[in-house]
Every structure is written in C-alpha cells, then in structure tokens.
Amino acid sequence: MKHLLTPMILAAIPLAMPALAQDQNTWSSVQRGLYLTRMGDCEACHTVEGGEWMAGGFGLPTPFGVIYSANLTPDEETGIGAWSADDFYRAMNEGISHDESRLYPAFPYTNFTVVTREDSDAIFAYLQTIEPVRNRIPEPEIPFPLDIRTSMRGWNLLFFDERDFEPAPEKSELWNRGKYIVEGLAHCSACHSPRNLLGAQQGGAASYTGGHAEGWYAPSLRDTGPHEGIGEWSDDDLAAFLKTGRNGRTAAIGPMAEVVQKSTQYLTDEDIAAIVAYIRDLPFDEPEIGDPEPLAESDGIMIAGGEIYATQCAACHGIEGEGVERMFGALAGSSLAQATDPTSLVHIILKGARSAVTDAYPTPHAMPAFDWKLTDEEVAQVATFVRNAFGNAAPAVNPGEVSEIRDEE
C-alpha cells in the first residue's frame, strides 16, 4: 500500500472509517499517524504554499537567520525514504538526523522529545504512504559558527532536556492527556513562551507567559487578569476557539489561524477538552504593571485616534467597539487590543488579517491592510485609542514601534 494513498485522499477520510488496507493494523497505524501529524501541525512548516505536500523548503525566520524545513516525503535522496522508524524517533526524541547531523530547534524536538515511541512510529508510518517528492532543501541562512551543526551539541547541553513524558499521578487522566498534547506534539510553548538570547524557550515561571512568533505576539496562556491573555475566557470559549477558529469574543488570526485551520480543528472533542483542562490549570501570572489606567478622552492622541477609528474602523467593529459576534471581533474588552505587548494589534492594522477556514466557518473573514493608507503616527494613534476606549486600558503605542513592525517582511 506504500504511496498508494495520496495525502489529499487521506485528508478526506474520516478517522473512524473502516480500514481499506489488507493489513488492518498497518492501516490503523497510518490513519492514526495522519491524526497525530495534524496534531503536530506538521503541514504548516513542511508544506510551502502552492508546493508539494510535506516536501519541505519552507523558510522559518529566526533571530539568527532563515532555516528551511525538511522534506518529509519518502523520497530516498532528498526526503526520509532511506530513514528507518528508529531514525525518525531519534530525530523526534534527540534532535539527531539520519546522517547523524544535529537538527536546529526550529524543528521543535525540545517539545517532541516527550512523544512516545508508539506515536512516533505511527507518524512515520503515515509519512511513508505519501507521494515521494524530490526536493533538495537549501542550506540554512545563518552566520558562523551557528551554521556548523555540531555547535548544537553545546546548545543542547545548556537548554535541551531529553526526557520521557511523566504523568502527574495526582491529576486526572484528561489533564495528563492535555499535558502530553500541549507540551509535546502541539508544542504550544514554542510560540506562547518567551525565549532567551540564544533562542531557547524559557521554562518554569516564564513558561506560557507569552512570546513572539513570525512577527506576532502570542499571548499568555495563563490567567493574567481581565486585560490580556485568556484568563477571562470560559472553557467553552477556549474549546470553540480551538475547534472552529471563533468564539463569542474573537477569531483566530495570524499564525494562530493557521494552527486552527491545519491542526486543532481536526482534533477530537476529547482531545480539545484535554487541552482546555491542562491550559486552564496553568498557574496565575501576576501582571508586572498591575491594572493600567486608561488615557483620558481629552488626550490629544485619543482625539486623533478616535477620528481615525470613526472613519476607518467603526463600520465593522462598531461605534462602541462592540463588533459583530463571530464575524467582526469586538474591541471592547478585547484581550488582544489590551495586551501589554501591542505587536499583534499593530500588525493587524498595518498588514491586515484573515480568519481561519474551518468546517464550522468555511468562509473566512478578512481585515484589509492599512499600511498604504496610515502613517506610523496615525497607526499609533488609532491603536492607542482602541487600547483605551470602550472601557479598555493599556499603555500608549509609540510610532517607533509601528515603524519596526512595518519594516518587517
């Protein structure tokens, strides 16, 4: 059956469909591997838009340069066709490739190390069924000495903890399943945790307190109070967001829209519930600046920003920032708008955004870009207004911050 089923055919097959392969166990492993591949959001990094499925070559921007994703098709020369299941598990578990070279942690083996051998083998079994594609991947565009892969030995000694998944016996089975997903294949900390100067995720008290990814700010997943993050969300809010890309508060946009579209919408309700159970139990994170005071309505920035909002934004988001539920995000009480780090808000204003395409919402909504229309000062003014109107409160946005985001590719 190898290579007989294309990935697009597999994607259309319900996970509960009876096995079609001669070997029932093999088919079950392949089918389960597809599910786990989706859980890991592998498509997002290993499939270039308009390119061949899982053929790699996607440029991953890092603070040190661009690293290109691997070809995961079973092509023997440029993909993983010559790999064994042992090789694949070693890459997942230790960050070491088939040729003994060290992988860069842009491939999140620092998270995948907790993935079980059984799950790794299922993913490998699925990848062996997809169409092989010859696609030689470019070398990383990073400076010396990081371009020497043996340098990762030192990085791993400092920052990589090779380990098995350890369930917490005092917690429920659902919570432990959620921990396994969130900390393993879903690698949520890769975006939602800060990183140090050498690109390593900060753990402990800093884990899941927010981070930067692809020019966006991924908010804290902890309860940080009413002004930012998801602390005010209900369990149903979070479950709906992960499953459908929308809830009564907001819609998934930016990199998170891709996560929902290519990954979490395919997860079972049980696994969604497990993720929610784990995330909602993360410890409270006390905001560093306390409750901010809103700028006065008479402030010049608020007056200028309010005029821009009235002419450019109110038609969709409402005069009072109320939005239209599950269509145009409400800005009143928005945790994204009030985030301490305004990167995502500014990014949306400048470059626009598009919601996730899911079975529940097959027609995406989009916000146009305003980078061609508004100056850095005007973007800062309207962003500051949104962050301090409608009952919101957050620090003002500086035009210099806007300029930096505008210049990002």
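Not counting residues up to four places away in sequence, S344 touches W216 and Y217, where contact means heavy atoms within 4.5 Å. S344 lies in helix α15, residues 343–351; helices here are DSSP runs of H or I of at least four residues and strands are runs of E of at least two, both numbered from the N terminus. With a relative accessible area of 6%, S344 is buried, a class that means under 20% relative accessible area, while exposed means over 50% and partly exposed lies in between, for a 1.4 Å probe and protein chains only. The model is a predicted one, in which local features need pLDDT of at least 70 and side-chain atom pairs count only at pLDDT 80 or more, whereas totals for chains, interfaces and linings use all residues. Residues are numbered from 1 along each chain as its sequence is written, and side-chain values use heavy atoms, with hydrogens and water left out.

The loop between β3 (211–213) and β4 (216–218) holds E214, which is not a glycine and yet has a positive phi of about 55 degrees. F390, likewise not a glycine, has a positive phi of about 60 degrees and is found in the loop between α16 and α17 (399–407).

Helix α16, residues 376–388, contains Q381. Is Q381 buried or exposed? Q381 is buried, at a relative accessible area of 15%, and, leaving aside its neighbours within four places in sequence, Q381 is in contact with I301, A304, G305 and I308.

The description now turns to a pair of packed helices. Two packed helices are described by the angle between their axes and the distance between the axes. The axes of α10 (residues 235–244) and α12 (residues 269–279) come within 10 Å and cross at roughly 130 degrees, the axes being lines fitted to C-alpha atoms over the stretch in contact and the angles running from 0 to 180 degrees between N-to-C directions. That angle makes α10 oblique to α12, since angles under 35 degrees count as roughly parallel, over 145 as roughly antiparallel, 65 to 115 as roughly perpendicular and the rest as oblique. The crossing of these two helices, α10 and α12, is right-handed, which applies if the near helix is turned clockwise from the far one by less than a right angle, and left-handed if anticlockwise.

On the α10 side D235, L238, A239, L242 and K243 take part, and they meet D269, I272, I275, V276 and I279 in α12. By class, this contact of α10 with α12 has seven nonpolar, no polar and three charged residues; Ala, Val, Leu, Ile, Met, Phe, Trp, Tyr, Cys and Pro count as nonpolar, Asp, Glu, Lys and Arg as charged, and the others, Gly among them, as polar. Within α10, the buried residues are D237, L238, F241, L242 and T244, and what covers them includes α11 (254–262) and α12. G245 follows α10 and has a positive phi, near 85 degrees.

Helix α11 is also the place of E258, which counts as partly exposed at 27% relative accessibility. Not counting residues up to four places away in sequence, E258 touches D41, A44 and S263. The C-alpha atoms of E258 and R354 are separated by 9.7 Å, although these residues are 96 residues apart along the chain.

Finally, the domain assignment, which is automatic or taken from a database, gives domain 1 (2–156) and domain 2 (300–407). Taken over C-alpha atoms, the centres of domain 1 and domain 2 are separated by 37 Å.
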